[in-house]
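Here is a briefing on the structure shown below. Please keep the model open while you read.

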Protein chains: 2
Amino acid sequence: MTNPNSLSRGQLARETGINSETILYYEKSGILPAPPRSAGGHRVYNDTHVQTLGFIKRARGLGFAPKEVRAILGLHDEGDQPCEKVKQIAAQHLEQVRSKIADLRQIEGLLSKTVDQCAVETDDQCAVLELLEGKDISR
Amino acid sequence: MTNPNSLSRGQLARETGINSETILYYEKSGILPAPPRSAGGHRVYNDTHVQTLGFIKRARGLGFAPKEVRAILGLHDEGDQPCEKVKQIAAQHLEQVRSKIADLRQIEGLLSKTVDQCAVETDDQCAVLELLEGKDISR
DNA sequence: ATCGCACCTGTAGTAACTATAGGATCAAGG
DNA sequence: CCTTGATCCTATAGTTACTACAGGTGCGAT
């Protein structure tokens, strides 16, 4: 039973691998619904919170910005016709991911070339520094 | 003369494309040396500031974290034998870039597959949502 | 000399958390 | 049953890297 239906914040944190302070923050920021409370005022979470946090974690893991996650979760609740909008958000995100990959590839090429060059020219001047100083290192 | 030797903060901002408030912030955070002042207390920048800001901008553009930039600039000043340390920072950064690319590639694959699938299965359930809900979409 | 823009300092806001302080509650052991 | 220690509560502050504002002064152009 990895899914008991009554957990404390600490248990929820351990269950989901999300920092227990972060859980409070998620509640404050409206991304996680406020759970019922015990007589003494302690939060009592259940399966749906485990699921929602899992959703958030996976989405963040896929690089969706918190804003996007909020947007998706919001749609989820509204019920309208979420698929279209979710797809739209996902497609847009996919584009961002692709352009980020392209950027990083370029950076990678430049950096690796420079670091290699640094290994060759023993001392003279640092190729990395030259790159950062805006010099043309293509020689 | 794209490089006059006496510029105001606004001019420096325009010259480098860096927000003029950010220039103040860089000074406070120790990444940009404090310039001399005019009689009335206004900052008077010069070429070296233009260069340093350019350096910072390029490094940030290459994805170096501000911490790393500070580290590199610090070495620059200390003079020790910067090349080795700079190379080390750059190589480490390169590794990070590469692993980020790998992560993003995986995300890209998953997302694009899912979005495509979403285009096919007209309505039923949203494939993107199913992915985020942790279901196995590989079918 | 004056007008208005740019500058000054200092503070607050932003996002997304993380951490702390001081006090209350819960659950387990004696 | 009652104590004790872990966990929880709220509220506030710190973090990073900026951005924005407020209220007041300097600077350059007319």
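The surface near DNA strand C consists of 21 residues, and the closest are A:Thr22, A:Gly40, B:Ser8, B:Gly10 and B:Arg43. A residue counts as near a strand if its C-beta atom, placed from the backbone, lies within 6 Å of it. This is a predicted model: local features need pLDDT of at least 70, side-chain atom pairs count only at pLDDT 80 or more, and totals for chains, interfaces and linings use all residues. Residues are numbered from 1 along each chain as its sequence is written, while chains are lettered from A and ligands numbered from 1 in the order in which they are written.

**DNA surfaces**

- Near DNA strand C, at least two residues each come from H2 and H4 of chain A and from helix H1 (9–16) and H2 of chain B. Helices are DSSP runs (H or I, at least four residues), numbered from the N terminus.
- Ala, Val, Leu, Ile, Met, Phe, Trp, Tyr, Cys and Pro count as nonpolar, Asp, Glu, Lys and Arg as charged, and the others, Gly among them, as polar.
- DNA strand D is surrounded by 21 residues, with A:Ser8, A:Gly10, A:Arg43, B:Gly40 and B:Pro66 the closest.
- Two or more residues each come from helix H1 (9–16) and helix H2 (20–28) of chain A, and from helix H2 (20–28) and helix H4 (66–78) of chain B.

**Chain A against chain B**

- In the interface, 34 residues of chain A are in contact with 35 residues of chain B. Contact means C-beta atoms, placed from the backbone, within 7 Å.
- On the chain A side, H5(A) gives the largest share, 21 residues.
- That side divides into 20 nonpolar, 6 polar and 8 charged residues.

Notes: Two residues are in contact if their C-beta atoms, placed from the backbone, lie within 7 Å.
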